[in-house]
Amino acid sequence: MLLIGIAALVVTGLFAVDMRLLQWIGLLGCLFIGRMAIASLYEDLSARTPDAQPVAPSQKRSAIAYGFLVGIANPKDIIFFVAFFPQFIAVTPSVGASLTLLTALWVLADFAILLAYITLLSGTALQRARRAISVLSALLLLGVAVVGAGYALWELLG
């Protein structure tokens, strides 16, 4: 929502985005995602049992903060929304109403995708493959981090 809000400010002309700053933030985001992927790989590969442990309330709060950091670590979403929203800005006569409608639709779509993901992972067969899924996810995140960091460095140095 924060990234959508920043994109809405850019679309309405109330905020300007410095591409160089976004590139630096993108590089830092890639480093953060890479660190997260390596920590996840270490945890998954060093765990002796794939059984899930109960999550304490304090861990849930830190998981929410961690999830926020993961989401905000990719400032390219701002560029995506800035490129995406103007194509549909005339859905209503008001720019504000159009941005509100587009944001609501995006949130609903995102929620539906996450709900489907949670539903799929709650199945017994997928729970048995939890460690493999987690390792694969961490490897994909590590790949994204390495490619993203390489791209960000290329842009910053070029």
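The model is predicted, so local features need pLDDT of at least 70 and side-chain atom pairs count only at pLDDT 80 or more, while totals for chains, interfaces and linings use all residues. Residues are numbered from 1 along each chain as its sequence is written, and side-chain values use heavy atoms, with hydrogens and water left out.

Let us begin with the whole protein. It has 7 helices and 0 strands, where helices (H or I, at least four residues) and strands (E, at least two) are DSSP runs numbered from the N terminus. Along the sequence the pattern reads α-α-α-α-α-α-α. Of the 158 residues, 22% are buried; buried means under 20% relative accessible area, exposed means over 50%, and partly exposed lies in between (1.4 Å probe, protein chains only). The accessible surface is about 10900 Å², and carbon and sulfur atoms account for 74% of that surface (Shrake-Rupley method with a 1.4 Å probe; for residues, only the protein chains shown count as cover). Among contacts between residues at least 6 apart in sequence, 80% join residues at least 24 apart, a contact being heavy atoms within 4.5 Å.

Now turn to helix H2, which covers residues 19–46. H2 has 28 residues and reaches 40 Å from its first C-alpha to its last, close to the 40 Å expected at 1.5 Å a residue (the expected span is 1.5 Å times one less than the number of residues). Its buried residues include Leu-22, Gly-26, Cys-30, Ile-33, Ala-37, Leu-41 and Asp-44. An α-helix has 3.6 residues a turn, so residues three or four places apart point the same way.

Leaving aside neighbours within four places in sequence, Asp-44 is in contact with Arg-131, Ser-134 and Val-135.

Leu-140 lies in H7 and counts as exposed because its relative accessibility is 56%. Leu-140 and Ala-37 are 103 residues apart in sequence, yet their C-alpha atoms are 8.4 Å apart in space. Ser-137, also found in H7, is partly exposed, with a relative accessible area of 33%. From Ser-137 to Leu-41 there are 96 residues in sequence and 9.1 Å in space, C-alpha to C-alpha.

Helix H5 comes next. Its 27 residues reach 39 Å from first C-alpha to last, close to the 39 Å expected at 1.5 Å a residue. Ser-98, Leu-99, Leu-102 and Thr-103 are the buried residues of H5, and what covers them includes H1. In H1 itself sits Gly-5, which is partly exposed, with a relative accessible area of 31%.

Finally, visit the second largest pocket, with about 740 Å³ of space. On a 1 Å grid over the protein atoms alone, a pocket is an open set of points where a 1.4 Å probe fits, with protein on both sides within 12 Å along at least five of seven lines; lining residues have an atom within 4 Å of a point. Of its 21 lining residues, Met-1, Leu-3, Gly-71, Asp-77 and Asp-110 are closest to the centre. Helices H1, H3, H4, H5 and H7 each supply at least two residues of this lining.

Methods: Points joined across faces, edges and corners; volume = space filled by probe spheres on them.
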